[in-house]
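Welcome! Take a look at both, and then we will walk through a few places together.

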Amino acid sequence: MSPPVGRASSTAEDAVTDLSADVVIGDFTVPFVVSRPYLNFRISGGDYEYKTCLNVIVNGRIVRSETGRGTELLHPASFDLTDWLGKEAQLEIVDEPDGNLRVSDIVLSSTRSVVVPVMPPLYAEALRPQLHFTARQWAMQRLNPVEREEGWLNDLNGLVFYDGEYHLFAQRWNKCWIHAVSNDLVHWTELAPAFFEESLDTGVQSGSCVIDVDNTSGLAEPGAGPAMVAFWSRNDNRSQCVSYSLDRGRTWTHYVGNPIMDLPERDPMVFRDHRRAQWVMVLYGDDRYQLLRSDDLLHWESLDSSISDSFECPDFFELGVAGSDESRWVLVRGDGRYSIGSFDGRTFVEETAQLQVDGGPHFYATQSWAAGPRRVQVAWMRGGRYPNMPFNQQVSIPCDLSLHRTADGLRMYRTPVPELESLARSRHTWPARTLSPADTASIASSGSVRSRTDTGAPWSSPWRIGTAWPLLRITCDVALAPDGELALDICGTRVTVTSGGIAVLDAEQPTITAVRKLDILVDTTSIEVFANDGEASLTACVQPGHYELTLTPSEADCTLGELEVVELASIWV
């Protein structure tokens, strides 16, 4: 069938431009002018974004797209093109994998043919986290996106710092690498996806990214800026591939020689071993990590070395020991467990058992940036729920990592990056006090300080502090008896503190020393709790509740230092 020719028609009630009166099968592109705010049509066929779809293109960019949604019968759909009224556009039908796409009755109209979800302004949706990074939709307009669909986010990939920019890459479930940049680890600008899979269902899974400063790969032209080189695995879990960018990550090319290796592993993590002037790769497979080396990033040889009892998405880096000139190597597995040891360029020798610094129920697939002496970690907050939202899943708050000597040996701490201070909106403080588990009275919900009924006597509990803002940072020193417990109910979520650890939802994380300091970050649909300057942490997705903070001790009195509640601004503003 030849491409349809646009022709105008009208009724007494509404002016309509008819772009297609017949069922359209196969690929075609036709120009038109957006003379009405809505494009109405009927569609059926495969549900592959950008592969079996109807697209509207303006200035070379797909601004609206709809798939056949996996249905055999034509169903009505509608695009809102209000933002492009009067613009020249193209109508494109794509049926790349022969997905049996059918489109009919394509008309421009001043009214919608169907009721579609009303999308709030981007990043202002009711359940959108305002402190944590989430993905956006670009051309699709659907609620509750799932794996592979625009708005979905999972494993972190290839975090790299270059020329003052932090690059965050993440999976859209092996369809593409989501890409965002930041100058401060706080405010993010999401760019169009870095690159998609080479062809339908070949996959572009998790991996890593490096800056080839010395052009060891030869991918950059002489005199040009260094290549940003990304490593990833296809869906067959054996084809190891490369994509690269020569313009600071703005455009990407799949390496013509892909795959660079045929090895039954996945999740390649690559870093520069400066001491030995080599590139090192850590690959996951068969419950172990395999180590390889390269001089040019494109040709690899085995180091005949592996690390057993390992699990997905490796992260491997050197980290200084606080208060000394020493350093150690840290290996972090996909489930967040880490071990500390030494690395001689070939073999990693573990000095500790596998440890857990964050015991939260939604802490997974961590990766980290190397930025000078800093090592900054983020995680996929796997398993959060965001009903009827145009996004799905979020990324944890960036945390600085450090190694400390403790009574239990070397341990890794994680603390929220200091750049978060830039979000401070207003501060509220209350002086130190001792709370009693007695329940005979309550402190006024206004949060004002109430006089003691008995001079020197502990304050009765619960202590209720009314708040009117969903984005909070709560800090205080705390002292608990060995059998004491403090419950903090924050916006509908309970944080439980004992002398030996912290708990959120059904997850617990012990501390090495008695809990003495709390730092809690509260977002629209998440909470992160840090104890003792990063000695332990919990990362959790939650559902929003009432804006109130209540502190309730049990079993014994609890002494609190100065309590500070800071209202935070959105990262999207």
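Which residue in E38 is the bridge partner of alanine 487? The partner is threonine 496. Please keep in mind that this is a predicted model. With that in hand, let us look at the strands around this pair, then at some salt bridges, and finally at one histidine.

**Strand E37 and its partners**

- Strand E37 covers residues 485-490 and runs antiparallel to strand E38, residues 493-498, with six bridges joining the two.
- Together, E37 and E38 make a hairpin that has two residues between the strands.
- In the turn of that hairpin you will find cysteine 491, whose phi is positive, at about 50°.
- E37 also pairs with strand E44 (residues 548-554), again in the antiparallel sense and over six bridges.
- For a landmark in E44, look for threonine 550, which stands opposite aspartate 489.

**Salt bridges**

- There are 35 salt bridges in the structure, and a few of them are picked out here.
- Glutamate 125 and arginine 128 join their side chains in a salt bridge, at 2.9 Å from N to O, and both of these residues are buried.
- Another salt bridge links the side chains of glutamate 301 and arginine 293, with an N to O distance of 2.7 Å.
- Within that pair, arginine 293 has a relative accessible area of 16%, which is under 20%, so arginine 293 is buried.
- Glutamate 301, on the other hand, has 43% relative accessibility and counts as partly exposed.
- Lysine 517 and aspartate 533 also meet through their side chains in a salt bridge, 3.1 Å from N to O.
- Lysine 517 belongs to strand E41 (residues 517-523), while aspartate 533 sits in the loop between strand E42 (526-531) and strand E43 (536-541), so this pair ties together parts that are 16 residues apart in sequence.

**A histidine in a loop**

- Where is histidine 274 found? Look in the loop between strand E19 (266-273) and strand E20 (278-285).
- Is histidine 274 buried or exposed? Its relative accessible area is 66%, which is over 50%, so histidine 274 is exposed.
- From histidine 274 to leucine 420 there are 146 residues in sequence and 31 Å in space, C-alpha to C-alpha.

Notes: Residues are numbered from 1 along each chain as its sequence is written. This is a predicted model: local features need pLDDT of at least 70, side-chain atom pairs count only at pLDDT 80 or more; totals for chains, interfaces and linings use all residues. Side-chain values use heavy atoms; hydrogens and water are left out. Helices (H or I, at least four residues) and strands (E, at least two) are DSSP runs, numbered from the N terminus. Buried means under 20% relative accessible area, exposed over 50%, partly exposed in between (1.4 Å probe, protein chains only). A salt bridge is a side-chain nitrogen of Lys or Arg within 4 Å of a carboxyl oxygen of Asp or Glu. Two strands pair if DSSP finds at least two bridges between them.
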